[in-house]
Amino acid sequence: MAFGGTRGLVPRWELPVGVAALLLLLFSVTAAQEPSVAACSQNTNRTCEECLKNVSCLWCNTNKACLDYPVTRILPPSSLCTLSSARWGVCWVNFEALIITLSVVGGGLLLALAACCCACCCRRKRSRKPDKEEEKAAREREERRVRQEERRAEMKSRHDEIRKKYGLFKEENPYARFENN
């Protein structure tokens, strides 16, 4: 689901098809298949598609040569073929574009990871602040309540003094006057 819960948006979690195909083919080379030297050199001066039918072959666009992919290295050396003209897996993606694409995708993932970490940290800090603010508000409410009680008690004592002064004070037991006589 897209951010914000908007309907109709499609999640963008998938890699471009060409990059995924190249990664899949790169993993298949690392599985150490037997290189067929004769098969790769037979496809020299033919088409790129014919050469790349064999996953252990590398097509060099500059001299139209079908070469064995150097399995010991991830990227072919420039003495074998320049990165901008080397093709492997699919004919429409060169190694230079692959490196740039993977760098951009990797950088984007790192930025997204950093943004998520920052968002989580900020959310924790925000969730702590209301606790402190609630504590402060509760303390202030308690102080106000105590001051109000003090004021009520003071007002009650003043009113009681005025009632005594004018004889309006109500005794606890109204029959106590008759008992004292």
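Biologist: Thanks! Where does Ser85 lie?
Modeller: Ser85 sits in the loop between strand S2 (65–68) and strand S3 (86–88); strands (E, at least two residues) and helices (H or I, at least four) are DSSP runs, numbered from the N terminus. Bear in mind that this is a predicted model: local features need pLDDT of at least 70, side-chain atom pairs count only at pLDDT 80 or more, and totals for chains, interfaces and linings use all residues. Residues are numbered from 1 along each chain as its sequence is written, and side-chain values use heavy atoms, with hydrogens and water left out.
Biologist: Is Ser85 buried or exposed?
Modeller: Ser85 is buried, because its relative accessible area is 5%. Buried means under 20%, exposed over 50%, and partly exposed in between (1.4 Å probe, protein chains only).
Biologist: And what does Ser85 touch?
Modeller: Leaving out residues up to four places away in sequence, Ser85 touches Trp59, Cys60, Asn61 and Thr62. Contact means heavy atoms within 4.5 Å.
Biologist: Switching topic, where is Asp131?
Modeller: Asp131 belongs to helix H4 (residues 95–165). Asp131 counts as partly exposed because its relative accessibility is 46%.
Biologist: Zooming out, how many helices and strands are there in the chain?
Modeller: The chain has five helices and four strands, arranged along the sequence as α-α-α-β-β-β-β-α-α.
Biologist: What share of the residues counts as buried?
Modeller: For this chain of 181 residues, 18% count as buried.
Biologist: Great, thanks!
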